[in-house]
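Student: I would like a close look at one part of this structure. Please start there, then lead me on to its surroundings.

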Amino acid sequence: MIKLDENDDFWRHFFKNPKKAYNPYMYRLKEFPEYIMYDKEVMDSYKGRWKDYFKNDNPIYVEIGSGSGNFALGMCQKYKDRNHMALELRFKRLHSSARKSKNLNLSNVLFMRRFGEELSEFLAEGEISGMYINFPDPWEGNEKNRIIQESLFSSLDKVLKVGGKLFFKTDHDKYYEDVVQLSGNLENYKLVYHTPDLHNSEKAEDNVLTEFEQLFLNKFQKNINYIEIEKIK
């Protein structure tokens, strides 16, 4: 942990009140301004004009909970004609992701310290072409806290293009089953693909692994569930 100079108010980007000490990676986010965005006012100022930020008209995809960035980096290398915005809260993961992005000289990725519930604050109507949610907390016993629920689709109604998709991967079988069931109750969306065994499906060849997914495959040999839900109106 580190102590900031008493005149340094950098902490205000992340906390309502000052702390006695801070995660050292918090301050190190400044090392990669081209890959990390943490100022909410700056983020919100790009609402409706993220193509200006990326300096192209390529489709924009958002990932919620990007971890150490392996999936984001893999997608950016595989799909160079897409822009990838990755939301993550942990300082060390953001720093690691940005460092790896710089080493790869990527120009189509941005890591953001932002909550997934705040999508409509920095994204305009129909501004994104897809969203990735990989291995979120299943919140066993407190399912109301899950990120994938009707309120998420209310947010997607505002920011996702018609024809855009939500892509979801999970090792949690019940979460998978619940999202399949939920999709049937959504007026503006359609379940277009799902499988309880991604790595033995026709989608396996194009799949980009997350670090969590790699662990489950190698150590636990657990099946990976996968869903695609398309916005139809």
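Student: At 37% relative accessibility, what does E34 count as?

Tutor: E34 counts as partly exposed, at 37% relative accessibility. The cut-offs are these: buried is under 20% relative accessible area, exposed is over 50%, and partly exposed is in between (1.4 Å probe, protein chains only). Keep in mind that this is a predicted model, where local features need pLDDT of at least 70, side-chain atom pairs count only at pLDDT 80 or more, and totals for chains, interfaces and linings use all residues. Residues are numbered from 1 along each chain as its sequence is written, and side-chain values use heavy atoms, with hydrogens and water left out.

Now look at the partner of E34. Its side chain meets that of K102 in a salt bridge, at 4.0 Å from N to O. Helices (H or I, at least four residues) and strands (E, at least two) are DSSP runs, numbered from the N terminus. K102 is also partly exposed, at 44% relative accessibility.

The whole structure holds 16 salt bridges. One of them joins R114 and E118, with 2.5 Å from N to O. Here both partners are buried: R114 has a relative accessible area of 2%, and E118 stands at 13%.

Another bridge joins E228 and K203, whose closest N and O atoms are 3.2 Å apart. It too links distant parts of the chain, 25 residues apart. E228 belongs to strand 8, and K203 to the loop between strand 7 (189-195) and helix 9. E228 is buried, at 4%. K203 is partly exposed, at 29%. Some bridges share partners: K40, D44, R114, E118 and E121 are joined into one network that way.

E228 leads us to a pocket. The second largest pocket holds about 310 Å³ of space. Among its 18 lining residues, Y79, F167, D206, Y226 and E228 are the closest to its centre. Helix 4 (70-78), strand 5, strand 6 (160-170) and strand 8 (225-231) each give two or more residues to this lining. Strand 6 has the largest share, four residues. By type, the lining has nine nonpolar, two polar and seven charged residues. Those types are: Ala, Val, Leu, Ile, Met, Phe, Trp, Tyr, Cys and Pro nonpolar; Asp, Glu, Lys and Arg charged; the others, Gly among them, polar.

A pocket is an open set of points on a 1 Å grid over the protein atoms alone, with protein on both sides within 12 Å along at least five of seven lines; in a cavity, a 1.4 Å probe fits but cannot get out; lining residues have an atom within 4 Å of a point. Points are joined across faces, edges and corners, and volume is the space filled by probe spheres set on them.

The largest pocket has a volume of about 820 Å³. Its lining counts 30 residues, and I64, G65, F135, P136 and D137 lie nearest the centre. Strand 2 (60-64), strand 5 (128-134) and helix 9 (211-220) each supply at least two of the lining residues. Twelve are nonpolar, eight polar and ten charged.

There is one cavity of 30 Å³ or more. The largest cavity has about 50 Å³ of space. Y61, M75, C76, Y79, R82, H84, N108 and Y132 line it.

Last, the core. The largest nonpolar core has 35 residues, and W50 and M131 have the most contacts inside it. Such a core is a set of buried Ala, Val, Leu, Ile, Met, Phe, Trp, Tyr and Cys residues joined through side-chain atoms within 4.5 Å. M131 touches V62, I64, L119, L152, L156, K165, L166 and F167, leaving out residues up to four places away in sequence. (Contact means heavy atoms within 4.5 Å.) Another core, of 21 residues, lies apart from this one and includes L4, I36, Y38 and A72. In soluble globular proteins, nonpolar side chains tend to be buried together.
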